[in-house]
Amino acid sequence: MATMADVARSAGVSVATVSHVLNGTRPVLPHTRQAVLDAVEELGYTTNTLARSLVTARTRSIGLAVSAISNPYFTEILQGVEAAALEAGYSLLIADPHDDPEHERKVVQLLHERRVDGVIVAPSADPHGLLAYLGRHDVPAVLLDRLVDGAGTDGGPRFDQVCADNADPTSRLVTHLAGLGHRRIGLVAGRPGLSTTSERISGYRSGLAFAGLAYDGRLLVHGDSESAGAEQATEALLSLGEPPTALVTGNNAMTIGVLRALGAHGLSVPDDIALCCFDDFAWADLFSPRLTAIAQPGRDIGARAVHVLLERLAEPHRPARTVRLPCAFVHRTSCGCPSPSEEGTPS
């Protein structure tokens, strides 16, 4: 098996130069770097990750804990995390907390015990155990998608956080429907306790206010971020004496449940009831009608979370920050517009 010394001899450089090229610890002239990489390829040299981790106390691995990995949105995030981690030379360990607070803490503990350099976590609706563990063990962490209140020592966030904008895009869906003449606009919101749920509710209410519409608490129901829950919540809306003429759904899984409930009642979208959804997904334009949606930058969110975590590893004591990425309004036909543009525009 080739050694680093073999690579150095073949490339005509020092062992230290080979180390700098492979670990990115110091700039190296382009032609020298290429000579080292050519020697690595020719000799089939592979780094001894275990030995390096014993010296540096780093394993060059990242733990990712996200629930509902089968959800298209989290799948996009996973792709972004994986690509960014690989580009930076890090491996990825993945766990599913199942949105259960106790299981969440356990899987993050397991990732930490595997000596990952840091973790990226989409926290549950009750993340107190998770946050206590991260703080107690000083685990470098980035909270993903769902924000957590709790000030650090400087009054800012305690942990780095990366998410999409939620309130303004939801407000835009509401004002769009109001502009089409709808006065009773319902919201099928996600699981209580999640920041995404509370922020989208805030956006819903601000959209109503902007359109000059009164808030009616009966038109806001919770689908618990799942298809089955959204189906039941939609049934409750349709049973009202004055049901909504338009609906906004809080995520892609709930959109499926809403459509199932509307179909069971023989209601046609958008002829009988208009529909807009938060979360675009690959087959949203294959539905009939095609779904008007807010598209979140899932891959970019995942990649940014990796970059923020690597910055945290490089500067452990810098203040924590919250990074929000913009969404896009994707205008199709489920809202009732006759000739919408297919271009996504920033929200």
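Predicted model: local features only at pLDDT ≥ 70, side-chain atom pairs only at ≥ 80, totals over all residues.
Which residues of H2 and H3 meet? From H2 come Thr17, Val18, Val21 and Leu22, and from H3 come Thr32, Arg33, Val36, Leu37 and Val40.

Six strands build an open sheet in the order E2-E1-E3-E4-E5-E11, and the pairing is parallel. Which strands stand at the edges? They are E2 (91-95) and E11 (322-325); each has a single partner strand, so one side of each is left without a neighbour in the sheet. From one strand to the next, the twist averages 20°.

Take a look at one pair within this sheet. Strand E1, residues 61-65, pairs with E2 in the parallel sense over five bridges. One example you can find is alanine 65, whose bridge partner in E2 is alanine 95. Helix H5 (residues 72-87) packs on the sheet, where it touches E1, E2, strand E3 (118-121) and strand E4 (141-144). The direction of H5 makes about 155° with that of E2.

Next, follow the chain out of E4. In the loop between E4 and strand E5 (160-164) you will find arginine 146. Is arginine 146 buried or exposed? It is buried: its relative accessible area is 8%, and buried means under 20%. The side chain of arginine 146 reaches the backbone oxygen of proline 123 at 3.0 Å. Leaving aside residues up to four places away in sequence, arginine 146 touches Phe74, Asp99, Ala122, Pro123, Ser124, Gln161, Leu194, Ser195 and Thr196.

Finally, visit strand E9, residues 274-278. Five of its five residues are buried, so E9 is largely enclosed by the rest of the structure. Both faces of E9 are covered, with Ala274, Cys276 and Phe278 buried on one side and Leu275 and Cys277 buried on the other. Strand E8 (residues 246-249) pairs with E9 in the parallel sense over four bridges. To see how the two strands line up, look for leucine 247, which stands opposite leucine 275 in E9.

How values were computed. Residues numbered from 1 in each chain as written. Heavy atoms only, no water. Contact = heavy atoms within 4.5 Å. Pairing = 2+ DSSP bridges. Axes fitted to C-alpha atoms, helices over the stretch in contact; angles between N-to-C directions. Buried < 20%, exposed > 50% of the residue type's maximum accessible area, 1.4 Å probe, protein only. Polar contact = N/O pair within 3.5 Å; in protein donor to acceptor, adjacent residues only side chain to side chain.
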